[in-house]
Amino acid sequence: MSWIKSLCAFLVLLGASTAYAAPVLLISIDGMRPGEVIEAQKRGLKIPNLRRFLTEGSYADSVTGVMPTLTYPSHTTLLTGVDPATHGIVSNTTFDPYNINGGGWFWYSSDIRVPTLWDAARASGMTVGNVHWPVSVGAQSITWNLPQIWRSGHADDDKLIGALTTPGLLEPMEKALGKYAPGIAETIEADETRGKFAVKLINDKKPDFLTVYLTALDHTEHLTGPGSAESHAVLERIDAIVGRLIAAEHAARPDAVVSVVSDHGFAATTKEINFFRPFIDEGLIVVSPDGKVKSWEATPWISGGSVAIILARPDDAALIARVRALLDRLKANPDAQIATIIDRAEIRKRGGNPDASCYIELSKGALTGLFDAKAPLSKAAGYRGMHGYFPTNPEMRSTFLIMGPGVAKGKSLGDIDMRAIAPTLANVLGIALPTAQTPALDVATH
C-alpha cells in the first residue's frame, strides 16, 4: 500500500501549495526602508494605509536583499525567489564598456533565466496585469502589460511605450484618464498617474495577479537623502496611491491578498568615486581623444554603492595580478573609499554577478560615479542618497508587508531573506514556484 502513502504525501504537498488560491495585488515602493512603516509615528510620517499592514496583516522587521542592492536585480528576485547569479539580472544597466547602448538597462524579460510569478500564474490559467514593473518588456505571460522602458525622454519614448504595451490596452485608458506617464518620469506626479492607470486596470480587467511599481520615493531619496522632509512628503502621497489601489482591488476582488514590498534601503552620501580614473591611468582602459573608450582589458561595472570589476580575459594570470595590485593600492588610498573587496569565490557564495572577477563595496557615504575620462578619482557627490551596497549593510534592508483573507494579523515575521517573498506569494496564489531557492514564509492564520 506504499502508493497510498505516496498519494497522501502528494495531496498534503498540494494542499500546502494551494492553501490560498487568492488573487494577489503586489505593490513595490522603490527605496522604502522598513523603519518608515514600523516607526512611522516616531519619524513623523502620516501613512495610514501602509500602517494598516502592521495590525491587519503580517510584516517583516527587515528584508535582507541581494547583491547588488539595486532596483532591477532586486525586483527580479522578488518575482523569482532566486539570486541575481541565477536569474541573470545582475545590475540595472547592461554591461557596455564602449557605451554603444546609450546607457541601456535590463528592460527585457527575455533576459530572465528562470520562471517568474507572472509565468507561473499564467501557466495555471490566471490572468496577469502589470504597471511599470522593472524587466517587464516583452513578458509573454502578462495578459495586460504596461512595461517600464525609456530611451532619452524624447517624445518618441511615448511611442515606444505604446508599441510595447499589450495591443488595445493603452489607447482606451488614455481616452478615459489622459496621457500615461513617460517611462523616464520618476516624479510623484508620474506615480500618481500610474496609480490611476493601475486602478482602471483593476476595475476593467480584474487580473488575478497584478504587479504595480512606484518609483518617486527612490528618486527623491537620491536627490535629497533618505529621511529628508522631501522624501517623507513623497511617501505620504504614495501612501494615498496605495490606499486607492487597495480600495479598488478589494472592490473588484474581495478575497484578494495585497502585498507591499521594496527593493532596497538607502544610505546618505557625500563623496563620489570615479573608479574609471585609476583604470585609465593604469592603461587598463584606453581612451581616444574624444573621450570615448577605445579599448579595455579590465573595467568597472558600477552599481551605486559597489562596483564589479570585469576582466576581458578572466583567466589571464598576468592581468589578474595587475588588477589585484591596482586594487591593493586603491584600498590603501583613503580617497578611493574602498571598504571591502571580495573575490570570485565569495561573489559566487553571495549570488552576485558571475562575470565579476572581484566586487568592491564602498565606505559609508561614498558612491560610484558614471564614466568620465576627465573626472578626478574623488569629488563631492551629486546624489544625497544611494543604494547598491552589499546586502550585509543594515542600511540596505527593505520592506515586506502582506494583508488579506487568511493572512495572520499583527504578526512579525522577523528578519527575512528577499528570496522567500516570491514562493510566499506563490503559495497565496495557489501556484508552484519550484525554482525558488528558499522556503515560503508562514503568513497564514492558524
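## Aromatic residues

Tyr72, Trp105, Trp107, Tyr108 and Trp150 together make up one aromatic cluster, where rings of Phe, Tyr and Trp (its six-membered ring) pair if their centres lie within 6.5 Å, and planes under 30 degrees apart count as stacked, over 60 as edge-to-face and the rest as tilted. The structure is a predicted model, in which local features need pLDDT of at least 70 and side-chain atom pairs count only at pLDDT 80 or more, while totals for chains, interfaces and linings use all residues. Residues are numbered from 1 along each chain as its sequence is written, and side-chain values use heavy atoms, with hydrogens and water left out.

By the ring rule, the count comes to nine aromatic pairs. In the pair of Phe276 and Phe371, the ring centres are 5.2 Å apart and the planes stand at 85°, so this pair is edge-to-face. Because Phe276 belongs to helix α12 and Phe371 to the loop between β16 (366-368) and β17 (378-380), the pair ties together parts that are 95 residues apart in sequence; helices (H or I, at least four residues) and strands (E, at least two) are DSSP runs, numbered from the N terminus. Phe276 is buried, with a relative accessible area of 8%, whereas Phe371, at 32%, counts as partly exposed (buried means under 20% relative accessible area, exposed over 50%, and partly exposed in between, with a 1.4 Å probe and protein chains only).

Asn274 is located in the loop between β9 (271-273) and α12, and its relative accessible area of 4% makes Asn274 buried. The side chain of Asn274 reaches the backbone oxygen of Asp372 at 3.2 Å, and a polar atom of this side chain lies 3.1 Å from the backbone oxygen of Ala375. Leaving out residues up to four places away in sequence, Asn274 touches Leu370, Asp372, Ala375, Pro376 and Leu377, where contact means heavy atoms within 4.5 Å.

## Helix α13

The 16 residues of helix α13 (residues 317-332) should span 22 Å at 1.5 Å a residue, and this agrees with the 23 Å between its end C-alpha atoms; the expected span is 1.5 Å times one less than the number of residues. Leu319, Val323, Leu326, Leu327 and Leu330 of α13 are buried. They cover an arc of only 95° around the axis, which puts them on the same side of α13, the arc being that of the directions from the helix axis to the C-beta atoms. An α-helix has 3.6 residues a turn, so residues three or four places apart point the same way.

On the other side of α13, Ala317, Ala318, Arg324 and Ala332 are exposed. The buried residues of α13 pack against α12 (276-281), β12 (298-302), β13 (306-311), β14 (338-343) and β15 (358-362).

## The nonpolar cores

The largest nonpolar core has 98 residues, and those with the most contacts inside it are Ile29 and Leu50; such a core is a set of buried Ala, Val, Leu, Ile, Met, Phe, Trp, Tyr and Cys residues joined through side-chain atoms within 4.5 Å. Helix α11 (residues 229-252) gives the largest share of this core, nine residues. A second, separate core of 38 residues includes Ala139, Tyr213, Val261 and Ile402.

Leu50 is also among the buried residues of helix α3 (residues 48-56), together with Asn49, Phe53 and Leu54. The elements against which the buried residues of α3 pack include β1 (24-29), α2 (34-38) and α11.

Methods: Polar contact = N/O pair within 3.5 Å; in protein donor to acceptor, adjacent residues only side chain to side chain.
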